[in-house]
Amino acid sequence: INEELPNDLLEIDPKVEGKLWLSTDRNLVFKPKEHLASGISYSLVLHLDKLYQNLERDYKSYEFEVTTITPDFKISLNDLEFYDENWAYRFAKIETSDVSKFEEVKQIVAASQDGKGLSLDWSDNPETSTFFRFKIDSIERFTEQSQVQLKWNGESMKAKNEGETAFTIPRKDVF
C-alpha cells in the first residue's frame, strides 16, 4: 500500500505515462504525469492476475473505458460600473469545464464598442484554472446610448462554443 506499482499492471490506449499505486487494499490509483487531453476516450486493461494470486480465469483482467471532459465554457457578466460620467467598465468571468490554460482562455473573447475594439484586462489570473476573471475596460459614454458587443469562440481551447451578446451603454445624461 502506497508504494508505486509496476506500470505493466495497467495498459492504457492511447498510452499515458504516470504512476500507479494501491492507496488501500481495495483502491488502485493512477496519476498521469501530465494533464490528460480533453474529450479523449481511453481504453484500460487492469491485469489483476499480476496483483492477486489464484484468480479464476474470468477475473484475471478488468477492461474498461473512460472519457475525459469535453472542453466547454460559460461567460458571466457583472454589472456595468462607472469611473466617472465619461468612462465605464464591466467585470466578467469565464468558467471552463476542465482545467484550462490561461493563454488559451484569453483568446476566447473579444469586445468592441460601435466597431472599435475594447481593452480586456486579465490581471491576476493563474496559468491554469477553471475560473478566469477579466475586465472590459475603457468603455466610453457618449451623448447618445451605444452598444458593446462581446464575442466568443472556443477554438483556441478546442471547445465548440461560440456566440455573441451585446449590452447597452447609457448616454451621459442618464443615471
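Phe102, Trp122, Phe132 and Phe134 are linked into a cluster by ring pairs. The model is predicted. A search across the whole structure turns up six aromatic pairs.

Start with the tyrosines. Tyr83 and Tyr89 form a tilted aromatic pair, 4.6 Å centre to centre. Their planes stand 40° apart. Why tilted? Planes under 30 degrees apart would count as stacked and over 60 as edge-to-face, so the 40° of this pair falls in the remaining class. Tyr83 counts as partly exposed because its relative accessibility is 43%. Tyr89 counts as buried, at 13% relative accessibility.

Now return to the cluster. Phe102 and Phe132 form a stacked pair. Their ring centres lie 6.2 Å apart, with 20° between the planes. The angle is under 30 degrees, and therefore the pair counts as stacked. Where do the two residues lie? Phe102 is in helix α1, residues 102-105. Phe132 is in strand β12, residues 128-140. The pair therefore ties together parts that are 30 residues apart in sequence. Buried or exposed? Phe102 counts as buried, at 12% relative accessibility. Phe132 is buried too, with a relative accessible area of 0%.

The charged end of Arg90 sits over the ring of Phe167. The distance to the centre of that ring is 4.4 Å. Arg133 lies over the face of Phe91, 4.8 Å from the ring centre.

Phe167 leads on to Ser146, since Phe167 is among the contacts of Ser146. Ser146 has its place in strand β13, residues 146-153. Its relative accessible area is 3%, so Ser146 is buried. Which residues does Ser146 touch, leaving aside neighbours within four places in sequence? They are Gln113, Asp114, Glu140, Phe167, Thr168 and Ile169.

With Gln113, the side chain of Ser146 makes a polar contact, side chain to side chain, at 2.9 Å. That distance is within 3.5 Å, so the pair meets the distance cut-off for a polar contact. The C-alpha atoms of Ser146 and Asp114 are separated by 6.8 Å. Along the chain, these two residues are 32 residues apart.

Definitions and conventions:
Residues numbered from 1 in each chain as written. Predicted model: local features only at pLDDT ≥ 70, side-chain atom pairs only at ≥ 80, totals over all residues. Heavy atoms only, no water. Phe/Tyr/Trp six-rings, centres within 6.5 Å; stacked < 30°, edge-to-face > 60°. Buried < 20%, exposed > 50% of the residue type's maximum accessible area, 1.4 Å probe, protein only. Helix = DSSP H or I, 4+ residues; strand = E, 2+ residues; numbered from the N terminus. Lys NZ or Arg CZ within 6 Å of the ring centre and 35° of its normal. Contact = heavy atoms within 4.5 Å. Polar contact = N/O pair within 3.5 Å; in protein donor to acceptor, adjacent residues only side chain to side chain.
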